[in-house]
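Here is a short briefing for a first look at this structure. Take in the sequence and the model, then read the points below.

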Amino acid sequence: KIDVITAQDPFGTALAGFLLKRWYSIPLHVQNHSCFLNNHQWMSEKPLLFNLFNKIAHFTLIRANRLRVVNKMEGLKYINILNINPKMIDIAPVPINVSFWKSKPNEKEVDIFVKKYNINLNRPILSWAGRPVEVKNFPYLFKSVSNIKKLVDINFLIAGNMNNSFYDLS
């Protein structure tokens with residue numbers, strides 16, 4: 001016997017979950033691992049597709065029996081935009097396995113990395129990692145780093161898949 005249907009996102013899996021909920025009269029739990037609802041920067045990346053996704057999210061979220069969001073701000077969007085009862089919303093950030101960051105790096109690999117990227121180990125390192133897409137607002141990031149560099153001499157590293165980047169980072 002199935003007790004609950006859980007959906008990974010408020011789009012396709014939630015829509016399938018909604019249909020199963022209706023068919024089998026089973027509660028639906030929709031989990032949202034990001035900030036999608038009415039996120040105009042995200043929707044502008046692929047307007048037709050992501051506006052459709054936003055409409056699907058509006059449909060599925062109000063029909064779920066329980067919701068999980070990654071932060072308080074996303075929960076407030078559900079409450080303010082969709083009028084969802086706060087008692088139906090669980091806030092649970094995505095867990096991160098930190099064991100990798102606790103291990104001591106291989107000194108030879110560190111030396112190679114430091115030389116390859118011309119890093120001065122006497123300066124603090126500030127880094128950013130992710131997808132270089134418009135919604136990440138690189139102009140704001142670079143302005144912020146510029147302001148920091150006026151106060152402290154730092155290394156600034158950017159990591160991510162730069163193929164098909166929205167920004168020219170050369």
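Are Trp128 and Phe138 buried or exposed? Trp128 is buried, and Phe138 is buried too; buried means under 20% relative accessible area, exposed over 50%, and partly exposed in between (1.4 Å probe, protein chains only).

This is a predicted model, where local features need pLDDT of at least 70, side-chain atom pairs count only at pLDDT 80 or more, and totals for chains, interfaces and linings use all residues. Residues are numbered from 1 along each chain as its sequence is written, and side-chain values use heavy atoms, with hydrogens and water left out.

**Confidence**
- Confidence is lowest in helix 5 (residues 99-102), with a mean of 81, and highest in strand 2 (residues 28-31), at 97.
- Helices (H or I, at least four residues) and strands (E, at least two) are DSSP runs, numbered from the N terminus.

**Aromatic pairs**
- The whole structure holds twelve aromatic pairs.
- Rings of Phe, Tyr and Trp (its six-membered ring) pair if their centres lie within 6.5 Å; planes under 30 degrees apart count as stacked, over 60 as edge-to-face and the rest as tilted.
- Trp23 and Tyr24 form an edge-to-face pair, 6.4 Å centre to centre, with 75 degrees between the planes.
- Trp23 is exposed, at 67% relative accessible area, and Tyr24 is exposed at 52%.
- Trp128 and Phe138 are also edge-to-face, because their ring centres are 4.8 Å apart and their planes stand at 80 degrees.
- That pair links distant parts of the chain: Trp128 sits in strand 5 (residues 125-129) and Phe138 in helix 7 (residues 138-151), ten residues apart.
- Phe11, Phe36, Trp42, Phe50 and Phe53 are linked into a cluster by ring pairs.

**Helix 6**
- Helix 6 (residues 107-116) lies largely in the open, because one of its ten residues is buried.
- At the start of helix 6, a side-chain oxygen of Asn106 comes within 2.8 Å of the backbone nitrogen of Lys108.
- Just after helix 6, Asn118 has a positive phi of about 50 degrees.

**Around Val98**
- Val98 lies in the loop between strand 4 (89-91) and helix 5.
- Val98 is partly exposed, with a relative accessible area of 41%.

Definitions and conventions: pLDDT is the predictor's confidence in each residue, from 0 to 100. A polar contact is a pair of N or O atoms within 3.5 Å; within protein, one must be able to donate a hydrogen and the other to accept it, and residues adjacent in sequence count only if both atoms are side-chain atoms.
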